[in-house]
Amino acid sequence: MKAITYQKLSDTFSVSELPTPNLESEFDVLVRVVSVALNPVDAKINLWHGMVADMNDQFVGGLDVSGEIVSVGNRVENWQVGDRVLYHGNMRRAHGGFAEFAVQDSRTLVKHPAISPESAAAIPCAAWTAYRALVDKLHASHKESLLITGGSGGVGSFAIQIAKALGVKTIITTCSQANHEVVRQLGATHVIDYRNADVVAEIMALTQGQGVDIALDCVGGDNDKLAADVLAFEGEMVELVQVATPERYDNAFLKGLSFHQLSLGSGHVNGTKGMKTLVDAGNAVNALVESGDVVVPNLKVITLDEIGNALLDIRNQRTVGKVIAKISD
C-alpha cells in the first residue's frame, strides 16, 4: 500500500510502499482510509517520542480517519466488513491514517455521520475535544457565560458552535480582527482582538465586573492565566494545551476556582472508561452535525502525496483553514 512514513532521526516525511498492515489484537479492525485530517498534533510528530517507544522509519501517523472496515478481529463486536466508520486514532500505534489502509481498535469507532468523508475527517480531534471540554468537564449547559481563547482555531470554532447549541447565552472569544465576522457567524456574542485590546478589562466590563462562569483555553502560552483571571467566583476552566498552574492565577484560592485538564487521546490508554469517552463524544458530535447545530469549516483537500509538505506547513504555521487528504473514493 502507499503511505506517508515518518523518519524521526531526520525529522522528514516520505512517500513509501508498505505491506498492508496486519491486525495487532483481536479487537482491531483494518480500515480502508477514504479521508484523513491533518491536525497540528499530527504535524508535531517530532514531539511524540515520549509517547511512542518503538517508532521506526516506517511509522505512519494520521489520527482522524473516515473510512470503511475491510477486516475484523476475532473479538470485534457490533462492527462488520463494509461498515463506514469515523475515529480518532491512537498516536502510540504505528498504522495511522496517512495510508491506504489503517488499523484501529474497534472499541473506539463511531458510526460515520451522514456527511461527506472529507467533512467527517475534519471532526474528531477538534470537535470531540471541544465537546468533552464543554460537556464532560464544564457542564456548560448549566452556565450563563463562557470565554474561549482562540475562537477561530480548530477547537475554538467547534467550541463556539457547541456552546451555542448547549444554550450558553454569553460566548466571548478572542481572535485576530480578520476573523471577527467568522466567529460571530459561528455564534460568538462578543469578540475581542487580543492584539489590540486589554482583554481582561474588556471581559470584566462585559460581565459587569463579575467575570465569566467558565473558560476554555485553546491557545496556550499565557492564555491560561488570562482565562483564569477573568473567572467569576467559583468559576471553572479547562486547559487544553499545557498543564494548568493555579499558583500563577490571581486569587485562585480565594475565589474558589477549579481547573481541569483534557487530553482527548488519553482515552485510548485508560481502559473501558477511557475508550467510552471517545465513543460518547463522537456520537454526540455526530448528532449535532447531522442536526445542523454544528457546521464543519471550509476545507482544503489534498492528495496523499502532498501530506508530508502540508504537515510541515502546519508545523511552521503557514496554513489557513482545515486540510484534509482524500485517499480513496
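**Backbone angles and cysteines**

Start with Glu234, which lies in strand 12, residues 231–239. Helices (H or I, at least four residues) and strands (E, at least two) are DSSP runs here, numbered from the N terminus. This is a predicted model, in which local features need pLDDT of at least 70 and side-chain atom pairs count only at pLDDT 80 or more, while totals for chains, interfaces and linings use all residues. Residues are numbered from 1 along each chain as its sequence is written, and side-chain values use heavy atoms, with hydrogens and water left out.

Phi of Glu234 is positive, near 55°, and the residue is not a glycine. Is Glu234 buried or exposed? Glu234 is exposed, at 52% relative accessible area. The cut-offs are under 20% for buried, over 50% for exposed and in between for partly exposed, with a 1.4 Å probe and protein chains only.

Asp11 is another non-glycine residue with a positive phi, near 55°. Asp11 sits in the loop between strand 1 (2–7) and strand 2 (12–17). Its relative accessibility is 28%, so Asp11 counts as partly exposed.

Now the cysteines. How many disulfides are there? The count is zero, where a disulfide is a pair of cysteine sulfur atoms within 2.5 Å. For Cys125, the closest cysteine sulfur is in Cys218, and at 11 Å that is too far for a bond. Cys175 also has its closest cysteine sulfur in Cys218, at 12 Å, again too far for a bond. Cys125 is buried, at 17% relative accessible area. Cys175 is buried too, at 3% relative accessibility.
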